[in-house]
Amino acid sequence: MGYKVPFVNYSLQYKKIKKRIDKTMADVLNRGDLILRKDTEEFEKKLADFIGVKYAVGLNSGTDALFFSLLACGIKKGDEVITVSHTFVASIATIVQAGGKPILVDVGNDYVMDTGKLEKVIGPKTKFIIPVHLNGRMVDMEKVMAIAKKYNLIVIEDAAQSIGAKYKMKKLGWRVGGSIGLTGCFSFYPAKILGCFGDGGAITTNNQDIAQKVRLLRDHGQETKTNIVCYGWNSRLDNLQAAVLNVKLAYLSDWIKRRREIAKIYSHMLTGIKEIKLPPEIDSDPNYFDVFQNYVICAERRNELYNYLKENGVETLIKDRVANHCQPGLNLSRFKLPVSEHLANEVISLPMYPELTNQQVGYVVKCIVGFYRHRRV
Ligand SMILES: *Cc1c(COP(=O)(O)O)cnc(C)c1O
């Protein structure tokens, strides 16, 4: 079905920058530079600069960025790692894959980690905190870092949904997500704010030793062609994808600007519908610079709204119909997280990408208004 407003539109973005992308890809293919070549190195430098750290290491996914971060930071079997349930499952799964034990806390009204809940779950086995900057909004890193310092915990930022998001630290001023913890983890999955044409990811860090360990883990421990120093995996960012990301990185600031503009239009036009709850309005808190990977609202009669929008040509996404800790296959049912469980029944993501026109955004709003007016008794 052709939607009036599809949830994502990969081909539209491609068409807009086709000339540069095609030229770059042809250039890479003509050079035959496919694995760990100069485009990957160039991207790692550019990404490190953009985030404001010394090192970035390209990987084949955001999942491996999290997994390798835990390994490189020295996780041991049975170590407890605190994160949230309300996130993409990779944030939790990688803890288990690395031999750790996930400890899940609830989220606040802004859908990200409620840092007020952290201290209560810290015990003698706690070693890590993974704050997840969900939907393009950062966790209160002032609080996370203070607690990490107090209890001597390592912080790994899951920044897969928040490239370019910022948080104002009291002493350090504005800091970009992924530059505050020991590592930051990024994903370049196509639907992410900076997406490639397949899977991709990276870690960022200021720690030379961690960067080197991750470089070894992504390439079977091969320090040189003849020297293998540890067991590793095959998880390199493809050079062709890195070349694509180099082109796209030049547009990132404009794309973020446009996402924020769209968020502003949504929140302006949707204010006053009492059946829905909007995400934090832009600049309503001067310590946050949100980049709106997703525009997520809480809606009464959410499933009906989803169907109504679909019938009217608006494609939306319900990513969290069941909270991760309530998924029977994950063995996490010991956690009771009322806000996360409630969100599973209410959240719905509206179309959000820079190529959306104001008319399309207006149409989405019109349909939502129509739904509640229509059904109102
Ligand atoms: C996308 C995502 C990941 C995983 O990234 P992949 O590249 O898909 O492996 C991890 N955490 C969060 C919050 C994500 O949104």
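# Reading a predicted model, feature by feature

Guide: A search of the whole structure finds 19 salt bridges. Keep in mind that this is a predicted model.

Visitor: How do I read a salt bridge? Which residue does D33 pair with?

Guide: The general idea comes first. Side chains of opposite charge can pair when their charged atoms come close. Here D33 forms a salt bridge with R31, with 2.7 Å between the closest N and O atoms. D33 is buried, at a relative accessible area of 8%. R31 is partly exposed, at 29%.

Visitor: Which residues are linked in a network of salt bridges?

Guide: D27, R31, D33, R37 and D39.

Visitor: Where in the chain do K101 and E80 lie?

Guide: K101 and E80 form a salt bridge, their closest N and O atoms being 4.0 Å apart. The pair links distant parts of the chain: K101 is in strand β3 (residues 101-105) and E80 in strand β2 (residues 80-84), 21 residues apart. K101 is partly exposed at 37% relative accessible area. E80 is buried at 12%.

Visitor: And what does the salt bridge of R236 and D219 tie together?

Guide: The side chains of R236 and D219 meet at 2.7 Å, N to O. Both residues lie in the loop between α7 (208-217) and α8 (239-249), so the pair ties together parts that are 17 residues apart in sequence. D219 is buried, with a relative accessible area of 12%.

Visitor: How many bridges join β6 to β7, and how many join β6 to β11?

Guide: β6 and β7 pair over four bridges. They form a hairpin with three residues between them. K168 stands opposite W174 in β7. Strand β6 (residues 166-169) pairs with β11 over two bridges. On that side, Y167 stands opposite Y288, and the bridge partner of K166 is F289.

Visitor: How many residues of β8 are buried?

Guide: Five of five, in a strand spanning residues 183-187. T183, C185 and S187 point one way, G184 and F186 the other, and all are buried.

Visitor: Which strands pair with β8, and in what sense?

Guide: Strand β5 (residues 154-158) pairs with β8 in the parallel sense, over three bridges. There, G184 is the bridge partner of E157. Strand β9 (residues 201-205) runs antiparallel to β8, joined by four bridges. S187 stands opposite G201 in β9.

Visitor: Now helices. Which residues of α11 are buried?

Guide: Start with the geometry. An α-helix has 3.6 residues a turn, so residues three or four places apart point the same way. In α11 (residues 338-346), S340, L343, A344 and E346 are buried. The buried residues pack against β12 (295-299), α10 (302-311) and β13 (347-350).

Visitor: And what does the side chain of Q360 reach?

Guide: The backbone oxygen of K4, at 3.2 Å. Q360 lies in helix α12 (residues 358-375). Leaving aside neighbours within four places in sequence, Q360 contacts K4, V5, P6 and E355.

Visitor: Last, the backbone. What is the phi of R301, and of N331?

Guide: Most residues other than glycine have a negative phi, and most peptide bonds are trans. R301 has a positive phi of about 50°. R301 sits in the loop between β12 and α10 and is partly exposed at 34% relative accessibility. N331 has a positive phi near 55°. N331 lies in the loop between α10 and α11 and is exposed, with a relative accessible area of 60%.

Definitions and conventions
Residues are numbered from 1 along each chain as its sequence is written. This is a predicted model: local features need pLDDT of at least 70, side-chain atom pairs count only at pLDDT 80 or more; totals for chains, interfaces and linings use all residues. Side-chain values use heavy atoms; hydrogens and water are left out. A polar contact is a pair of N or O atoms within 3.5 Å; within protein, one must be able to donate a hydrogen and the other to accept it, and residues adjacent in sequence count only if both atoms are side-chain atoms. Contact means heavy atoms within 4.5 Å. Buried means under 20% relative accessible area, exposed over 50%, partly exposed in between (1.4 Å probe, protein chains only). Two strands pair if DSSP finds at least two bridges between them.
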